[in-house]
Amino acid sequence: MKKIFLLLVVCFVVNLTFGQEKQTNEGVFPFPDSLRSIIPVKKQSLLRDVDVIFNTRVALNSGFLDGSHTGSKFNYDQLRLEIKGKIHDKVSFRFRDRYTREPVPGNLDNISRSVDMAFLKVDLSPRTNFTFGKMCADWGGYEFDFNPIDILTYNDMIENSDNFLVGAGIAHTFADNKNSLSFQVLNSRTKTFEEQYGNAIPPGITASKTPFAFVANWRSSFFKGKLETTYSYSFFNEAKNAHMNYIALGNKFTAKNFVLYYDFQYSKENIDRKGIVSNIINSKYQYAAQDAVYLENWLRAEYLVTPKVNLLLTVMNSNHSWKGNPDPKATSKLGSSYGLIPTIQYMPFKDMNLKFYMAYTARKYDFTKYAETTFGVKDYTTGLLSFGFIAPLLVL
């Protein structure tokens, strides 16, 4: 199917080059009258409102574990084909497929997990729109708002979540153009309950017949756009009597050549959806952890030194706790992770969003003494040195 689709894209480009010209028998290599574009001429104007983008990140990566070099290789870190545009004055679409993920259909939503988005958006009014299909969960926070090619490493919660889900949503922008609200009803996951948790389903927990997630998001702008926010609350009906409450608060401050982002995220999970706590305790407990709690901080600073040189620094922290520990004398906190990503970007072209970059991603995983003694886990560090380029390649 993907090969057929790419062939159609090539046909679009060929048609734009030759199909617009009058077909005559003049010239050295005339086109026969029988040669016709697969796209009718009257519909070719639709292409003016359609973009085809290859979201790309390629790098030479060198990995490290506890300070020791583990290997180096060239790697296609990201390749996501995106097609978006308008097919009617009030109807638009967006499709994005990830070629760096195995295309395995989800048993719950019946669409490949490699597909990030496949939805239609209908404008109900100039300020209100309705969306239906597979889409981004409209979580607050700027870490997830970024194009994935611009995030070298995600913090733990987003890295271990189902971020793209099938459902419906409605969004409204207020008359001041500074505030907007959105509401979504989505599947709570891409897999069935049994596939998601397997043999680790805790006793007494059964699958819900309505595994939905409800997401509300408020976006706002203050001080003439210098301060922007995106806040959200999400409720996941994961199973009968087992829910997840998720809060994400994103803040963005903009100065002349400086941008600062700060995200706070909190998730309380009656059954451990992220799986991080469950992996820590699995040497003694065979079931998914109950009452797992995650709390995170994410900070990203960008400073444009010159029009062609940009400096970035990302700092992140994630804390993992087990409130449902049956040991009454145990501390709930099991561990934390930390991340530091200094980055230099070079942008050689004014009219093209192409960035060459050098970055080092340092991660540290620190477990409490209780977790080390009880579950046998050990602290460790990882590192990743990268040289590469980032570009949303607009080919049509």
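Where is the place of T361? I found T361 in strand 15, residues 355-367. Strands here are DSSP runs of E, at least two residues, and helices are runs of H or I, at least four residues, both numbered from the N terminus.

**Ground rules.** I am working with a predicted model, where local features need pLDDT of at least 70, side-chain atom pairs count only at pLDDT 80 or more, and totals for chains, interfaces and linings use all residues. Residues are numbered from 1 along each chain as its sequence is written, and side-chain values use heavy atoms, with hydrogens and water left out.

**T361.** T361 counts as buried because its relative accessibility is 6%. Buried means under 20% relative accessible area, exposed means over 50%, and partly exposed lies in between (1.4 Å probe, protein chains only). I then listed contacts, meaning heavy atoms within 4.5 Å. Leaving aside neighbours within four places in sequence, T361 is in contact with L152, T153, L340, I341, T382, G383 and L384.

**Whole chain.** I counted five helices and 16 strands. Of the 396 residues, 43% count as buried. Among contacts between residues at least 6 apart in sequence, 59% join residues at least 24 apart. The chain exposes about 21300 Å², and carbon and sulfur atoms supply 61% of that area. Accessible areas come from the Shrake-Rupley method with a 1.4 Å probe; for residues, only the protein chains shown count as cover.

**Cores.** I searched for nonpolar cores. Such a core is a set of buried Ala, Val, Leu, Ile, Met, Phe, Trp, Tyr and Cys residues joined through side-chain atoms within 4.5 Å. The largest has 47 residues, and L334 and F375 have the most contacts inside it. A second, separate core has seven residues, including F193, Y197, A239 and A242. In soluble globular proteins, nonpolar side chains tend to be buried together. Not counting residues up to four places away in sequence, F375 touches I280, I281, S283, K284, Y285, W322, L334 and Y370.

**Surface patch.** I noted a nonpolar patch on the surface, formed by L124, F130, F132, I170, F174, L181, F183, W218, F222 and F223. Together these residues have about 960 Å² of accessible area. Strand 5 (128-136), strand 7 (179-187) and strand 8 (212-222) each give two or more residues to the patch. Patches are made of residues with over 30% relative accessible area and no salt bridge; like charges are joined within 9 Å, and nonpolar side chains (Val, Leu, Ile, Met, Phe, Trp, Tyr) within 5 Å. F174 sits in the loop between strand 6 (164-173) and strand 7. F174 counts as partly exposed because its relative accessibility is 33%.

**Positive phi.** N177 lies in the loop between strand 6 and strand 7. N177 has a positive phi of about 60 degrees although it is not a glycine. At 56% relative accessibility, N177 counts as exposed. D291 is in strand 12. Phi of D291 is near 60 degrees, again a positive value in a residue other than glycine. D291 is partly exposed, at 27% relative accessible area.

**R300.** I stayed with strand 12 (residues 290-306), where R300 is found. Is R300 buried or exposed? R300 is buried because its relative accessible area is 5%. The side chain of R300 reaches the backbone oxygen of D150 at 3.2 Å. Contacts of R300 beyond four places in sequence include F146, D150, Y261 and T314. I also checked P342, 42 residues apart from R300 along the chain; their C-alpha atoms are separated by 9.8 Å.

**Salt bridges.** My search of the whole structure gave 17 salt bridges. A salt bridge is a side-chain nitrogen of Lys or Arg within 4 Å of a carboxyl oxygen of Asp or Glu. E238 forms one with R189, the closest N and O atoms being 3.3 Å apart. E238 lies in strand 9 (residues 227-239) and R189 in the loop between strand 7 and helix 3 (193-197), so this pair ties together parts that are 49 residues apart in sequence. E238 is buried, with 2% relative accessible area. R189 is buried too, with 2%. E238 forms another salt bridge with R273, with the closest N and O atoms 3.2 Å apart. R273 is in the loop between strand 11 (258-271) and helix 4 (276-281), so the pair ties together parts 35 residues apart in sequence. Both E238 and R273 are buried.

Definitions and conventions. Polar contact = N/O pair within 3.5 Å; in protein donor to acceptor, adjacent residues only side chain to side chain.
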